[in-house]
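Take a look at the sequence and the model before reading on.

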Amino acid sequence: MRSRYAAFVLKLPDYLRATWHESSRPETLSLEDSPDWTSLQILDTNQSGDRGSVLFRAVYRLGKGWGFLEENSDFVREQGRWYYLRGDTSEGQLKPGRNEPCPCGSGRKHKACCL
Ligand SMILES: [Zn+2]
């Protein structure tokens, strides 16, 4: 899952297609229009047998603020490898407080970083 996020950040569509289950894999995948991601949070994971799900939030810069994409992704394991099946996504804007961790992923407080 984290490796797929890295592939989005680094814009590696071939890797994303290779880890996408054949039943739902898109014919072509362009990442040209994707935002510049700044951080990833894994909010929840579940696994039972060869099925798994990951709830994550990925943050990106949106003008002077921050946008986020949340997805609950379903994975399936076949021959020892995990493949992405599908996901439910939602998007929104982040409004971090001054003393909250900066959404850029620096680990510093927002007020001492990108505010
Ligand atoms: Zn920052």
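**Ground rules**

This is a predicted model, in which local features need pLDDT of at least 70, side-chain atom pairs count only at pLDDT 80 or more, and totals for chains, interfaces and linings use all residues. Residues are numbered from 1 along each chain as its sequence is written, and side-chain values use heavy atoms, with hydrogens and water left out.

**Overall fold**

The protein has two helices and four strands. Helices (H or I, at least four residues) and strands (E, at least two) are DSSP runs, numbered from the N terminus. Along the sequence the order is α-α-β-β-β-β. The C-alpha atoms fill a box of roughly 45 × 30 × 20 Å along the principal axes.

Of the 115 residues, 30% are buried. Buried means under 20% relative accessible area, exposed means over 50%, and partly exposed lies in between (1.4 Å probe, protein chains only).

**The zinc site**

Four cysteines hold the zinc ion: its protein donors are C102 (SG), C104 (SG), C113 (SG) and C114 (SG). They lie 2.2 to 2.3 Å from the ion. Donors are N, O and S atoms within 2.8 Å of the metal (3.2 Å for Na, K and Ca); water is not among the atoms, so sites may look incomplete. Along the chain, the donors follow the spacing C-x1-C-x8-C-C.

The angles among the four donor atoms run from 106 to 113 degrees, and the site is tetrahedral. For four donors, that label requires all angles to lie between 85 and 135 degrees. The ideal angle for four tetrahedral donors is 109.5 degrees. Two of the donor residues have an accessibility to report. C104 is partly exposed at 22% relative accessibility. C113 is partly exposed too, at 25%.

**Salt bridges**

Side chains of opposite charge can pair when their charged atoms come close. The whole structure holds four salt bridges. Each is a side-chain nitrogen of Lys or Arg within 4 Å of a carboxyl oxygen of Asp or Glu.

| Pair | N to O distance |
|---|---|
| D50 and R77 | 2.9 Å |
| R57 and E70 | 2.8 Å |
| R86 and D88 | 2.8 Å |

Start with D50 and R77, whose side chains meet in a salt bridge. This pair links distant parts of the chain, 27 residues apart. D50 sits in the loop between β1 and β2 (51–62), while R77 is in strand β3 (residues 65–78). D50 is partly exposed at 42% relative accessibility. R77 is also partly exposed, with a relative accessible area of 29%.

Next come R57 and E70, joined by a salt bridge. R57 lies in strand β2 and E70 in strand β3, so the pair ties together parts that are 13 residues apart in sequence. E70 is buried, with a relative accessible area of 18%.

The side chains of R86 and D88 meet in a salt bridge as well. Salt bridges that share partners join D74, R86 and D88 into one network. R86 is partly exposed at 40%. D88 is partly exposed at 46%.

**A buried serine**

S34 lies in the loop between α2 (13–18) and β1 (37–48). Is S34 buried or exposed? S34 is buried, because its relative accessible area is 18%.

The S34 side chain makes a polar contact with the side chain of K11, at 3.2 Å. A polar contact is a pair of N or O atoms within 3.5 Å; within protein, one must be able to donate a hydrogen and the other to accept it, and residues adjacent in sequence count only if both atoms are side-chain atoms. The S34 side chain also reaches the backbone oxygen of L31, at 2.8 Å.

**Two more residues**

F56 lies in strand β2. F56 is buried, at 9% relative accessibility. F56 and D36 are 20 residues apart in sequence and 16 Å apart in space, C-alpha to C-alpha.

Q79 belongs to the loop between β3 and β4 (81–94). Q79 has a positive phi of about 50 degrees, although it is not a glycine. At 85% relative accessibility, Q79 is exposed.

Methods
Tetrahedral: all angles 85-135°; square planar, octahedral: opposite > 155°, others 65-115°.
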